[in-house]
Amino acid sequence: MEQKVLVAYGTANGSTRAIAETVAEVLRTTGITAEVLPARSVTDLDRYEAVVVGGALYAGRWHKDARRFVRRHRGALAHRPVWFFSSGPLDSTASQRDIPPVPGVKRAMVRLDARGHVTFGGCLTEGAQGRIARMILRNGKGGDFRDFAAIENWAAGLAKELGAMAHR
């Protein structure tokens, strides 16, 4: 049976989308069908056996599209395996240690019995939208702190878990 996984994301400037696409690409290499969509554009989850939800972090909160996605689809998410990821720290901390989910994500994980969460480094580069993003860049605090090897490793672990579920 073919497994179909949705990787939904909330992002302001696109760097979380790149993480979501990397996760989906790794899943595809293992024979899993993975679809990447902006969280705000998803209308139903009927076609998917599992869901990965990612959100950029802003001031200690997940991107509003990721939060709304989880709220809107709570019932459907409760009946399938779910994993979360966050992208955010604009420094190397995410590569140095495990960063726990922010409180809102933690609550959603408990409610949905999510299988896991990981925080990846964020990315904020010239041209970013938003007053706060521009202020951060002006203060020299931007940069790309995404660790694509870590993202690929996490996604490979997901693929292994999904494979084990399919053979039960």
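**Stop 1**

Start by selecting F85 and F120, both of which are buried. Keep in mind that this is a predicted model. F85 has a relative accessibility of 0%, so it counts as buried.

Now show the two rings. A pair of aromatic rings is described by the distance of the centres and the angle of the planes. For F85 and F120, the centres are 6.1 Å apart and the planes stand at 55 degrees, a tilted pair. Colour by secondary structure next. F85 sits in strand 5 (residues 82-87) and F120 in strand 6 (residues 116-120), so this pair links parts that are 35 residues apart in sequence.

**Stop 2**

How do the rings of F85 and W154 meet? Their centres lie 6.2 Å apart with the planes at 70 degrees, so the pair is edge-to-face. The cut-off for that label is an angle over 60 degrees.

W154 belongs to helix 7 while F85 belongs to strand 5, so this pair ties together parts 69 residues apart in sequence. W154 is buried too, at a relative accessible area of 16%.

Select the three rings at once: F85, F120 and W154 make up one aromatic cluster. The structure as a whole holds four aromatic pairs.

**Stop 3: helix 1 against helix 7**

Stay with helix 7 and bring in helix 1. Select residues 15-29 for helix 1 and residues 148-166 for helix 7. Their axes come within 8 Å and cross at roughly 45 degrees. That angle makes helix 1 oblique to helix 7. Which hand does the crossing of helix 1 and helix 7 have? It is right-handed.

Show side chains at the contact:

- From helix 1, pick A18, I19, T22, V23, V26 and L27.
- From helix 7, pick F148, I151, E152, W154, A155, A156, L158, A159 and L162.

Sorted by class, this contact of helix 1 with helix 7 has 13 nonpolar residues, one polar and one charged. W154 of the aromatic cluster is also on the helix 7 list.

**Stop 4: F148**

Zoom in on F148, which lies in helix 7. Setting aside residues up to four places away in sequence, F148 touches A18 and T22. Is F148 buried or partly exposed? At 29% relative accessibility, F148 counts as partly exposed.

Now draw a distance from F148 to P100, C-alpha to C-alpha. The two are 19 Å apart in space and 48 residues apart in sequence.

**Stop 5: S15**

Go back to helix 1 and select S15, which lies in that helix. S15 is buried, with a relative accessible area of 13%. Which residues is S15 in contact with, leaving aside its neighbours within four places in sequence? Select C123 and R146 to see them.

**Stop 6: out to a loop**

Finish at A78. Find A78 in the loop between helix 3 (74-77) and strand 5. Strand 5 is also where F85 sits. At 46% relative accessibility, A78 counts as partly exposed.

Note on methods. Residues are numbered from 1 along each chain as its sequence is written. This is a predicted model: local features need pLDDT of at least 70, side-chain atom pairs count only at pLDDT 80 or more; totals for chains, interfaces and linings use all residues. Side-chain values use heavy atoms; hydrogens and water are left out. Axes are lines fitted to C-alpha atoms, for helices over the stretch in contact, and angles run from 0 to 180 degrees between N-to-C directions. Helices (H or I, at least four residues) and strands (E, at least two) are DSSP runs, numbered from the N terminus. Angles under 35 degrees count as roughly parallel, over 145 as roughly antiparallel, 65 to 115 as roughly perpendicular and the rest as oblique. A crossing is left-handed if the near helix is turned anticlockwise from the far one by less than a right angle, and right-handed if clockwise. Contact means heavy atoms within 4.5 Å. Ala, Val, Leu, Ile, Met, Phe, Trp, Tyr, Cys and Pro count as nonpolar, Asp, Glu, Lys and Arg as charged, and the others, Gly among them, as polar. Buried means under 20% relative accessible area, exposed over 50%, partly exposed in between (1.4 Å probe, protein chains only). Rings of Phe, Tyr and Trp (its six-membered ring) pair if their centres lie within 6.5 Å; planes under 30 degrees apart count as stacked, over 60 as edge-to-face and the rest as tilted.
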